[in-house]
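Hi,

Here is the structure I promised to pass on. Have a look at it first, and my notes on what turned up follow below.

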Amino acid sequence: MVMTTTAAQIEGWLEAVKDPEIPVISIKELGILQSVDVDGDVVTVNIIPTYSGCPAMYAIKEDITAALAARQITNPNIKIHNAPAWTTDMISESGREKMHAYGIAPPVARGHAVACPLCHSKNTEVISQFGSTACKALYRCLDCAEPFDHFKCHAPIL
Amino acid sequence: MDAQHLYPYFLRLADTSMTMSQRLSEWCGHGPYLEEDVALTNVALDTMGHANLFYQLAVEVADDDVTVDDLAFLRDAHDYRNPLLTELPRGDFAYTMMKQYFVDVYALLLYRALTESCYQPLSDVAKKALIEVQYHHERSHEWLKRLCMSTEEAHQKMQKALDDLWFYTPELFETDAGIQALHEQGTAPDMSVIQSEWSSMVETHLAQCQLILPETGWVATGGLQGEHSEHLGYMLAEMQFLQRAYPGCEW
């Protein structure tokens, strides 16, 4: 009997691939992993970059290849797509919770107050729109004085 | 779709982003303070990402077997299609932010229009780039206001930057027969419409900042034909050094 691997199984295995810059969140939770196709022996992994210039894409490709190699899947076809354009709405609820627990304030709709991940106060101020990476802004809590990263809302202004 | 016109158009878009990004990245380690240094280089990174996406579009329609790296690193100045504005030396912080503001408004309006392009790969790239450009525009507009409305010295420096750069801006909207043909096919927007939207937005903001538009100056032109200022050659000499010295070298 020939064992066949399903796309759903592979997607499950890829839960092990974390974002290189926020290593508690998987690429699936972040919305980078869009889908997996299985056609005979050929496995295609469809991913989208977060920001256009995101330097982590190369590391993510290597991590996907390594995770699949551990399951005896070699030479996967990893396709980087330009569409759909990634937005922070693609981050799953579990992704947001893990981000918060990691000390990064998850995205909020534009114009809404960002809560401090330490004391939960909404009395915070922006220090810089650009933080340690393009996807994060640097904030400071005015109540507990904690400086923290905020994962910026990334979506088109309609 | 007519690849003959698409190829130079994608180079125009890509080269504009590439030269902007390279000039911005020169601020790395020289920003006025740490957070601003990080912000400048993050904008440079996004903008290099846009150049990469536009070069990919060019590669897809190219006659020859070229790569994105070939286009960025192995073409000489006369093959670059960016407007002269984006190749100018970075100057001081006022000069950099004024130029950034001009180009951010241009990119905001152009990419928004390109999301409607009938050439799907271009529309996809525009949708992606637009989200990032919105942040860049918010930031450079904030800096414009902050610098113009702070000290007298800051205001003077911004006025000087405006005087030096103003007549480089019409070239952003220049077209040629190829771009006109793309507009007629629904691939590219009407640049005269983009220009009038740009002028009304920018002139309103500049007036709010109590800056005065210069009346006369040399109106830059030539980038679309590969005729550049002397600055581009020096920029490329630095930017392309590694690929020229070590052909095919990868990071």
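Chain A splits into two domains, with domain 1 covering 7–86 and domain 2 covering 92–151. Bear in mind that this is a predicted model.

First, the contact inside chain A. Domain 1 of chain A and domain 2 of chain A have their C-alpha centres 26 Å apart. Nine residues from domain 1 of chain A and twelve residues from domain 2 of chain A make up the contact. Together the two domains of chain A bury about 950 Å², and 69% of that comes from carbon and sulfur atoms. One salt bridge turns up across this domain interface: E29(A) pairs with K98(A), with the closest N and O atoms 2.7 Å apart. There are also three residue pairs in polar contact between the domains of chain A. On the domain 1 side, the touching residues are seven nonpolar, two charged and no polar.

Now for the two chains. Here 26 residues of chain A meet 22 residues of chain B, and the area buried between chain A and chain B is about 2100 Å², with carbon and sulfur atoms giving 59%. S52(A), N82(A) and F130(A) are worth a click: they supply 34% of what chain A buries against chain B, more than any other three residues.

The chain A–chain B interface has one salt bridge, which links R110(A) to E138(B) with the closest N and O atoms 2.7 Å apart. Eight residue pairs are in polar contact between chain A and chain B. The side of chain A facing chain B counts 14 nonpolar, ten polar and two charged residues.

Cheers

Technical notes. Residues are numbered from 1 along each chain as its sequence is written. Chains are lettered from A and ligands numbered from 1 in the order in which they are written. This is a predicted model: local features need pLDDT of at least 70, side-chain atom pairs count only at pLDDT 80 or more; totals for chains, interfaces and linings use all residues. Side-chain values use heavy atoms; hydrogens and water are left out. Domain bounds come from an automatic or database domain assignment. Contact means heavy atoms within 4.5 Å. Buried area is the accessible area (1.4 Å probe) that two parts lose on being put together, summed over both. A salt bridge is a side-chain nitrogen of Lys or Arg within 4 Å of a carboxyl oxygen of Asp or Glu. A polar contact is a pair of N or O atoms within 3.5 Å; within protein, one must be able to donate a hydrogen and the other to accept it, and residues adjacent in sequence count only if both atoms are side-chain atoms. Ala, Val, Leu, Ile, Met, Phe, Trp, Tyr, Cys and Pro count as nonpolar, Asp, Glu, Lys and Arg as charged, and the others, Gly among them, as polar.
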